[in-house]
Amino acid sequence: MLYRENGQFKTSYGADQQIFPIAQDRVAMLLLLALAAVVVPGLASEYLLRAILIPFLILSLAALGLNILVGYCGQISLGTGGFMAVGAYAAFNFLVRVDGLPLVAAILLGGLCATVVGVLFGIPSLRIRGLYLAVATLAAQFFCDWAFLRIKWLTHDSSSGSVGVSGLSVLGMPIETPVQKYLFCLAFVLVFGLIAKNLVRGHIGRSWMAMRDMDVAAAVIGIRPMAAKLSAFAVSSFIVGVAGALWAFIHLGSWEPAAFSIDRSFQLLFMVIIGGLGSIAGAFFGAAFLVVLPIVLDNLPYWFGIPIDTALASHLTTMIFGALIVFFLIVEPHGLARLWQIAKEKLRLWPFPH
Amino acid sequence: MKPNKTSTIAARAALMLAAAASLLGGSGAALAQAKEQFIPLLVYRTGPYAPNGTPWANGKQDYLKLINARDGGINGVKIAFEECETGYATDKGVECYERMKGKGASLFDPQATGITFALTDKVPVDKIPLITLGYGLSASQDGNVFKWNFPMMGSYWTAADMLIQHLAKKEGGFDKLKGRKIALVYHDSPFGKEPIPLLEERQKMHGFELVKIPVTAPGVEQKSAWLQVRQQRPDYVLLWGWGVMNSTALKEAQATGYPREKMYGVWWAGAEPDVKDVGEGAKGYNALALNGHGQQARVMQDILKYVHEKGQGSGPKDEVGSVLYTRGMIISMLSVEAIRRAQERFGKGKVMTGEQVRWGLENLAIDQKRLDALGIGTLIRPISTSCQDHMGSTWARVHTWDGSKWNFSSDWLQADEQILKPMVKAAADKYASDKKLTRRAPADCQS
């Protein structure tokens, strides 16, 4: 009833091409932004911010980056954890070794290093595809794991291989309290979300999608496979690298290579698949599903006051979580984003469906 | 099919909202229960480290239950506790820490080196002490820089130092170590890498050859590591493992034919779960023992009487008194003693804050008489902490597996202060300059 586009006439190309063509969507988005930027910092508890919202935002960003590669360009990657690690350790090295380098610059430079590594490991994608490419990107993961465990220079000669940062600040403002950290991450997610959305709507995004759908046909209509594939690797690993730097700097504070192990790569790939391949919103849905749901499940017995063995609760969480993944993939193989889209379609017709 | 989908979405949205609502509102609720000292228990009862994590967790919990059941709490203050499963993963540990912190936690035992590293930056802000008995950051012994860390009774550096001392004694003097080859087979994580600086220092002093052989975590696959051992033929192997890595290493040693008598584990590689499955194959294997064990100690008898016989035990009865169970129990004992000490200063019968418990941890003075009174006189040696020294004592023994039980095979050893002190100070100074911290002023020690 409320959600429909009747009477909203587009009189210019600009109006027709905007991100949210329906006025209600724009209002909803602005409300969501206001909620995220104003209401949440004011109301949320420290636990909610530090243990749930910050990891959610950062992993959404990483999933967004991976979605560009996997969802839009069709190149399966299992090296995401490794690219995150490159972003984190490169940003760390820039921050420690270059005096007076601003935090944001260090994080972006970290992302840039991840881009270089990402493009390097993306080169095989010009020759191999599908599962074979997945195996090739797996090499990136193991190489990064190895490099940060073994090359002492990269970890600033720390005896244990664990590094950390503290006393972060941006433009003289400290990033210490949970609210500050949350807003810092939110700013990154917003900016990169907007960039990603615009990239995938433009000709670059279209060339990625053409590559994904059929690379021979795409080449025939004049899309250069090398430029398309490598640009997808570059953009994707840049965003993933920035997310890695945020994960290390803002969420963990001090970290070891194990924080970016192969498990992280799988987790992000699952986020993208469950959230919805080839959808910006899907990255957020997927991250919410994989970050928030296990914690909620873990806490359920406590909220209802059911005394339950810790090990049993942990096993139950894993089992229910696994079952839910299977359930959602059966109900909608295209992910949560597709479910959301279907809901919107239905709402537009409601209450008079054909 | 169509109406089905919308209803799922609605149901999911409702679930999410409910969850969000309880997250927003739920955290403050537990704070209201005053008069109870809340001790969070970060544990892992699942995953590759569960065989070792479980007895540890049970020991921690049983002692708290004992204090509540036998003494009615600490000077009348009952202990409340809650477990949080970390699975040994750092990010999960951080989540647990945040969750438990909101409930009024007064101290944490993270039970994992990785989690300790991540929390070390967070605790000064939140003003909650960390107790890391026999693990964690070796440099955190320096209480002047690490105000909130308490690596009680030992660190990886003291452990490595004692092992080298023991080997020297076996060989007949430090000069006999010259030209010997010692291999360190370690868990490739901060936990396994921590001892390396000390071993390198000792290597420079005595001229033995140190071979470093990393094992990828969690350590179920070690064929290449033991191939290296076979090629290098070291005189001794130091095993720095945890969880399944230890039993796997012993099985690989057996398969390689490396004599178990020449293998020495850290105290995290010297408990029943590490050798039980290997049984006879582990016969002769040595490891450091940070604490004694067995059910004879009076405190264990009390736990059996007041906790297990009431059906309140956290684990199986025969696990009581095992090596890691005892270690967990000692951690809870030290926590309780720190709270008791804090109460002496800040008011008996009151609930202590994190800051007050920290003072208690820093001013512990547990002598032999007190240990005997606690019923653990045979298990550990006296501990006294100070502003400068957050460790309290560095005593440990070596014990050897005879195929069915651990037997002590050395006297009490102690780490060499002469070597340790400058290293700890240098490492703490480096940490302080990296983090732009200043050392605590002497006046701060009084607070």
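## Two domains in chain B

Let's start with chain B, whose domain assignment gives domain 1 (32-154 + 295-393) and domain 2 (157-289 + 400-408). This is a predicted model. Between the C-alpha centres of domain 1 of chain B and domain 2 of chain B there are 28 Å.

## Where the domains of chain B meet

Contact between the two involves 13 residues of domain 1 of chain B and 18 residues of domain 2 of chain B. On the side of domain 1 of chain B that touches domain 2 of chain B, at least two residues each come from helix 2 (50-71), helix 4 (113-120) and helix 13 (323-346) of chain B. Helix 4 of chain B provides the largest share of that side, 3 residues. What kinds of residues make up this side of domain 1 of chain B? There are 6 nonpolar and 7 polar residues, and no charged ones.

## Where chain A meets chain B

The two chains also touch: 37 residues from chain A and 38 residues from chain B take part in the contact. On the side of chain A that touches chain B, the elements giving two or more residues are helix 3 (46-72), strand 4 (254-255), helix 12 (280-303), helix 13 (310-331) and helix 14 (336-349) of chain A. The residues of this side of chain A comprise 20 nonpolar, 13 polar and 4 charged.

## A look at Met226(A)

To finish, here is a single residue. Met226(A) sits in helix 10 (residues 225-252) of chain A. Is Met226(A) buried or exposed? Met226(A) counts as exposed because it has 12 C-beta neighbours inside 10 Å, and the cut-off for exposed is 12 or fewer. From C-alpha to C-alpha, Met226(A) and Asp215(A) are 11 Å apart in space, and they are 11 residues apart in sequence.

Note on methods: Residues are numbered from 1 along each chain as its sequence is written. Chains are lettered from A and ligands numbered from 1 in the order in which they are written. This is a predicted model: local features need pLDDT of at least 70, side-chain atom pairs count only at pLDDT 80 or more; totals for chains, interfaces and linings use all residues. Helices (H or I, at least four residues) and strands (E, at least two) are DSSP runs, numbered from the N terminus. A residue is buried if 20 or more other C-beta atoms lie within 10 Å of its own, exposed if 12 or fewer, and partly exposed in between; C-beta atoms are placed from the backbone. Domain bounds come from an automatic or database domain assignment. Two residues are in contact if their C-beta atoms, placed from the backbone, lie within 7 Å. Ala, Val, Leu, Ile, Met, Phe, Trp, Tyr, Cys and Pro count as nonpolar, Asp, Glu, Lys and Arg as charged, and the others, Gly among them, as polar.
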